Amino acid sequence: MHDFNLVSTILVCKGVEYKAVCRGLNRATSSRLPSVTPIPVGIKSTTRYLATWQQSGQFLNYPQPSVLVMGLCGGLNPRYQVGDIVLYQNCVYDANGTYESQRCNYSLSELLNSRLQKQVPIVKALTSDRVVSSAAEKSDLFQRSGADVVDMEGFAISEFFKQAGVPVTMLRVVSDDCHHDLPNFTSALSPDGSLQPLPVAIAMLRQPIAATRLIRGSLGGLRVLEQVTTLLFSR
């Protein structure tokens, strides 16, 4: 894949991230825009979703299928702040105390830098099977894994498409840094990868300061996500 215009599919978590990417594409000027597929939140639900998707064969309906993963992520490395755009070099996952790694396609880094007129860092990402909400846990994960950012889907996506022989580029925006706690949404995440509104509201009410910081960071990250989508797919 030598150009973002050759991307056949964008994968992005359903909900506000999906809507931000769709808004960005609606303003893009490219004559060829990719399809956008909303995926569930979480490594297990994403793995199940991709297996079902594979059975449909839809992601192979292109002469040279290529996938771009977009969305938000959390910062583990103190150097990354809310609103920073990052390009993944690889994704790691803690499998019973041993970190497994999957490479990502970052060959578009120079084109990305040109489109955005800035140097976008190439990072190591950790995929977590739970919501990482405390600053102390973020610090611990950074020290143990060496990862710069954290998400909940990247490793599963990389592993799946490697087996399918489809290149995957992962581009995310940092929506929370490593210095502050977030509301704990672990109990709010349903098995199908959806956030349940009532448990989310309860978690935010229990930690109002953290909730305010989360909302502010998410809104900022979503604005950048929308803007970068438009820039990538405009000539």
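The lining of the largest pocket divides into 20 nonpolar, 7 polar and 8 charged residues, where Ala, Val, Leu, Ile, Met, Phe, Trp, Tyr, Cys and Pro count as nonpolar, Asp, Glu, Lys and Arg as charged, and the others, Gly among them, as polar. The structure is a predicted model, in which local features need pLDDT of at least 70 and side-chain atom pairs count only at pLDDT 80 or more, while totals for chains, interfaces and linings use all residues. Residues are numbered from 1 along each chain as its sequence is written, and side-chain values use heavy atoms, with hydrogens and water left out. Helices (H or I, at least four residues) and strands (E, at least two) are DSSP runs, numbered from the N terminus.

**Largest pocket**

- The space in the largest pocket amounts to about 890 Å³; a volume is the space filled by probe spheres set on grid points, which are joined across faces, edges and corners.
- A pocket is an open set of points on a 1 Å grid over the protein atoms alone, reached by a 1.4 Å probe, with protein on both sides within 12 Å along at least five of seven lines, and lining residues have an atom within 4 Å of a point.
- The largest pocket is lined by 35 residues, of which Glu17, Leu72, Phe185, Leu195 and Leu214 are the closest to its centre.
- Two or more lining residues come from each of helix H1 (16-26), strand S3 (67-75), strand S7 (149-151), strand S8 (168-176), helix H6 (197-206) and helix H7.
- Helix H7 gives the most to this lining, with 5 residues.

**Packing of H3 against H7**

- The axes of helix H3 (residues 109-116) and helix H7 (residues 208-232) come within 10 Å and cross at roughly 105°; axes are lines fitted to C-alpha atoms, for helices over the stretch in contact, and angles run from 0 to 180 degrees between N-to-C directions.
- H3 is therefore roughly perpendicular to H7, a class that covers angles of 65 to 115 degrees, whereas under 35 counts as roughly parallel, over 145 as roughly antiparallel and the rest as oblique.
- On the H3 side, Leu112, Arg115 and Leu116 meet Val228, Leu231 and Leu232 of H7, contact meaning heavy atoms within 4.5 Å.
- By class, this contact has 5 nonpolar residues, 1 charged residue and no polar ones.

**Other residues of H7**

- Glu226 lies in helix H7 and is buried, with a relative accessible area of 14%; buried means under 20%, exposed over 50% and partly exposed in between (1.4 Å probe, protein chains only).
- Neighbours within four places in sequence aside, Glu226 is in contact with Ala20, Arg23, Gly24 and Arg27.
- Ala211, also placed in helix H7, is buried at a relative accessible area of 5%.
- Apart from neighbours within four places in sequence, Ala211 is in contact with Pro183 and Met204.

- Val92, in strand S4 (residues 85-95), counts as buried at 3% relative accessibility.
- Residues up to four places away in sequence not counted, Val92 touches Tyr99, Glu100, Ser101, Lys124, Ala125, Leu126, Thr127 and Phe155.
- From C-alpha to C-alpha, Val92 and Leu126 are 4.9 Å apart in space and 34 residues apart in sequence.
- Arg103 lies in strand S5 (residues 98-103) and counts as exposed at 57% relative accessibility.
- With neighbours within four places in sequence left aside, Arg103 is in contact with Gln89, Asn90 and Ser158.

- In helix H5 (residues 154-164), the buried residues include Gly154, Phe155, Ala156, Ile157, Ser158, Phe160 and Phe161.
- Gln117, in the loop between H3 and strand S6 (122-127), has a positive phi near 55° although it is a residue other than glycine.
- Most residues other than glycine have a negative phi.
- Gln117 counts as exposed at 75% relative accessibility.
- Val16 is found in helix H1 and is exposed, with a relative accessible area of 52%.
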